[in-house]
Amino acid sequence: MSEPQLPPSVERVLRPLPRLIFASRWLQLPLYLGLIVAQAVYVGYFMIELWHLVEAALGNKEALQALVDSIGYKTDAPVASLNETIIMLVVLALIDVVMISNLLIMVIVGGYETFVSRLNLEGHRDQPEWLDHVNASTLKVKLALSIIGISSIHLLKTFINADNYSDKTLVAQTVIHITFLLSAMAIAYTDKLMSGGHSGHHGGH
């Protein structure tokens with residue numbers, strides 16, 4: 001038999017110690033605000049790299065050199081103009097920024113909703129679909145999948161620019177990526193087992 005639900009306007013009055021312990025969740029607020037600042041830095045970096053790409057496409061040598069330095073592209077012949085490899089590496093770097101930015105949003109919004117306080121977005125037309133059923137377990141799986149996506153982009157960048165990396169680095173990055181994959185599969189499988197266990201437990205009652 002379920003417990004009687006209190007009206008939304010009525011809140012339980014906690015004893016002082018439980019109230020203090022529960023209020024300690026607000027210590028996480030500066031962490032999430034700090035991640036918002038980090039997000040703003042990423043936006044600035046994205047716009048600078050994008051502007052350099054546009055300038056380099058228009059023939060600006062300084063912008064081209066800035067791009068070459070930022071992506072770590074090295075070649076025996078001097079880079080005189082924008083080529084397909086440089087464009088591909090820069091675009092992958094921009095995609096990398098976007099994916100890390102998505103990861104930040106998931107941690108900021110999902111983490112705040114899960115561990116600090118409700119955002120009360122129900123009914124809001126811009127409520128993210130994934131936030132509708134987020135909890136600590138599903139958030140962990142989504143973060144693991146996002147990290148795999150970011151790792152994939154880094155691995156692709158490394159293989160495109162493979163001449164500038166040692167075999168040891170290539171093997172290490174591949175092994176790390178496979179480790180991320182296996183970890184995500186283990187997390188997802190554990191989450192599935194726990195979800196199944198909970199549903200079976202509730203079904204028994």
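Visitor: Is the crossing of H2 and H4 left-handed or right-handed?

Guide: The crossing of H2 and H4 is left-handed. A crossing gets that label if the near helix is turned anticlockwise from the far one by less than a right angle, and is right-handed if clockwise. Before we go on, note that this model is predicted: local features need pLDDT of at least 70, side-chain atom pairs count only at pLDDT 80 or more, and totals for chains, interfaces and linings use all residues. Residues are numbered from 1 along each chain as its sequence is written, and side-chain values use heavy atoms, with hydrogens and water left out.

Visitor: How many helices and strands are there in the protein?

Guide: The protein has six helices and zero strands. Helices (H or I, at least four residues) and strands (E, at least two) are DSSP runs, numbered from the N terminus. Read from the N terminus on, the elements go α-α-α-α-α-α.

Visitor: What span should helix H2 have?

Guide: Count residues first. H2 covers residues 29-57, which is 29 residues. The expected span is 1.5 Å times one less than the number of residues. Just after H2, Gly59 takes a positive phi of about 100°.

Visitor: Which residues of H2 are buried?

Guide: They are Tyr32, Gln39, Glu49, Leu53 and Ala56. Buried means under 20% relative accessible area, exposed means over 50%, and partly exposed lies in between (1.4 Å probe, protein chains only). An α-helix has 3.6 residues a turn, so residues three or four places apart point the same way. Across the protein, buried residues make up 25% of the 205 residues.

Visitor: Which helices do the buried residues of H2 pack against?

Guide: Two of them: helix H3 (61-71) and helix H4 (84-115).

Visitor: At what angle do the axes of H2 and H3 cross?

Guide: Two packed helices are described by the angle between their axes and the distance between the axes. Axes are lines fitted to C-alpha atoms, for helices over the stretch in contact, and angles run from 0 to 180 degrees between N-to-C directions. The axes of H2 and H3 cross at roughly 130° and come within 8 Å. That makes H2 oblique to H3. The cut-offs are under 35 degrees for roughly parallel, over 145 for roughly antiparallel, 65 to 115 for roughly perpendicular, and oblique for the rest. H2 passes H3 in a left-handed crossing. On the H2 side, Glu49, His52, Leu53, Glu55 and Ala56 make the contact; on the H3 side, Ala63, Leu64, Ala66, Leu67 and Ser70 do. Contact means heavy atoms within 4.5 Å.

Visitor: How do H2 and H4 lie, and what about H4 and H5?

Guide: The axes of H2 and H4 cross at roughly 165° and come within 10 Å. That makes H2 roughly antiparallel to H4. H4 and helix H5 (residues 136-160) pack at about 170°, with their axes 10 Å apart. H4 is therefore roughly antiparallel to H5. H4 passes H5 in a left-handed crossing.

Visitor: Is Met106 buried or exposed?

Guide: Met106, in helix H4, counts as buried, because its relative accessibility is 12%. Met106 and Pro128 are 22 residues apart in sequence, and 9.9 Å apart in space, C-alpha to C-alpha.

Visitor: What does His177 touch?

Guide: Ile148, Ser151, Ser152 and Leu155, not counting residues up to four places away in sequence. His177 sits in helix H6 and counts as buried at 11% relative accessibility. From His177 to Gly149 is 28 residues in sequence and 9.6 Å in space, C-alpha to C-alpha.

Visitor: How does Ser195 count at 39% relative accessibility?

Guide: Ser195 counts as partly exposed. It is placed in helix H6 (residues 167-204). Ser195 and Ser137 are 58 residues apart in sequence and 9.2 Å apart in space, C-alpha to C-alpha.

Visitor: What share of the contacts joins residues 24 or more positions apart?

Guide: Take the contacts in the protein with a separation of 6 or more: residues 24 or more positions apart account for 60% of them.
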